[in-house]
Amino acid sequence: MDLMLKDKVALLAGGSKGMGAATAKLLAEEGAKIFLAARGREALDATAAACRDIGVEVGTISADLSTPGPAEDVAKAAVEKFGRIDILINSAGGARGGPFEDLSDELWADAFNLKFFGAMRMVRAVLPTMRKQKYGRIVNVTGNTGRQPHPGLLPGGCANAALLSFTKGLSEAVVKDGIVINALQPGPARTEHWEVLMTNLSQGTGMDVATFEKGFLKLIPMGRTAEAGEMARMITFLASDAASYMTGRSVVVDGGWNKEMA
Ligand SMILES: NC(=O)c1ccc[n+]([C@@H]2O[C@H](COP(=O)([O-])OP(=O)(O)OC[C@H]3O[C@@H](n4cnc5c(N)ncnc54)[C@H](OP(=O)(O)O)[C@@H]3O)[C@@H](O)[C@H]2O)c1
């Protein structure tokens, strides 16, 4: 199947590691030009080099997207480099968890500042360019906990729910300009974020991380985490014109965890 991604310009927020990096490489394999934004320079350079080795043009910018301001700089830098932005992938993350009584206001604010405000601001920053082009494809990476709440993952789950609502609500307002916006709702995926989360959640349980993770994965009918590439394939599909009749949708990729009917 031709995904029609050749020479499309893709901006990936959180594109240096995990699902974002895996998606950047898949998009590069499909011939898209890649612009990566994240904080750490080393991972940005490594993913950029991997995409260049595939044979496409790449730009990068270091930015903390949990604060107001940088989103505009990121969008401007991508337009300066490539002249347009066809695709935005919001994959910067993620949030910390723990028992409700242990969660500080700061931890709640961190989750919303990055996962909700970070993504919302990136969408706001690219919309003028996409509207001018009369073309845009946006994929917000949310999380299964947005619709399948988990008591140990409340801040990320609530931020994911807000981002899902934003995705669905905005879709109707931008579709007349040729812009579609969808969400990926991932279950557990083996990335740096997942390792941190399992370490974090296992603390105080009396279990080592591996034993805790084994228990957690009993929630998942497939009994395992996904690899980042398994998420990247769905993100790439949603970012492509192969998904041309979809907007305002959330696609669940979670090994069978979520049981809702819609
Ligand atoms: N992995 C899972 O099991 C899972 C499940 C459900 C949902 N999710 C969600 O999926 C998304 C991607 O997660 P992942 O597992 O791929 O995570 P990851 O491997 O840790 O990668 C996260 C990416 O976001 C960047 N990032 C983090 N904080 C940032 C900030 N303040 N400003 C800009 N960039 C930032 C990271 O680079 P720097 O650290 O260098 O900035 C990195 O490129 C997140 O929103 C996460 O919440 C993950």
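Modeller: Happy to! One term to start with: a crossover counts as right-handed if, with the strands pointing away from the viewer, the path from the first strand over the helix to the second runs clockwise. Please keep in mind that this is a predicted model. The part I would pick is strand S4, residues 87-90. Together with H4 and S5, strand S4 makes a right-handed β-α-β unit.

Let us begin with the side chains. In a regular strand they alternate between the two faces of the sheet. Here Ile-87 and Ile-89 point one way, Leu-88 and Asn-90 point the other way, and all are buried.

Next come the neighbours of S4. Strand S1, residues 9-13, runs parallel to S4 and is joined to it by 4 bridges; Leu-11 has Leu-88 as its bridge partner. Strand S5, residues 136-141, also pairs with S4 in the parallel sense, over 4 bridges, and there Asn-140 stands opposite Asn-90.

Ile-235 and Leu-11 are among the residues with the most contacts inside the largest nonpolar core, which has 67 residues. Helix H4 gives the most to this core, with 10 residues.

In total, 32 residues surround the ligand, with Gly-93 and Gly-94 among the closest.

Methods
Residues are numbered from 1 along each chain as its sequence is written. This is a predicted model: local features need pLDDT of at least 70, side-chain atom pairs count only at pLDDT 80 or more; totals for chains, interfaces and linings use all residues. A residue is near a molecule or strand if its C-beta atom, placed from the backbone, lies within 6 Å of it. A residue is buried if 20 or more other C-beta atoms lie within 10 Å of its own, exposed if 12 or fewer, and partly exposed in between; C-beta atoms are placed from the backbone. Helices (H or I, at least four residues) and strands (E, at least two) are DSSP runs, numbered from the N terminus. Two strands pair if DSSP finds at least two bridges between them. A nonpolar core is a set of buried Ala, Val, Leu, Ile, Met, Phe, Trp, Tyr and Cys residues joined through C-beta atoms within 7 Å.
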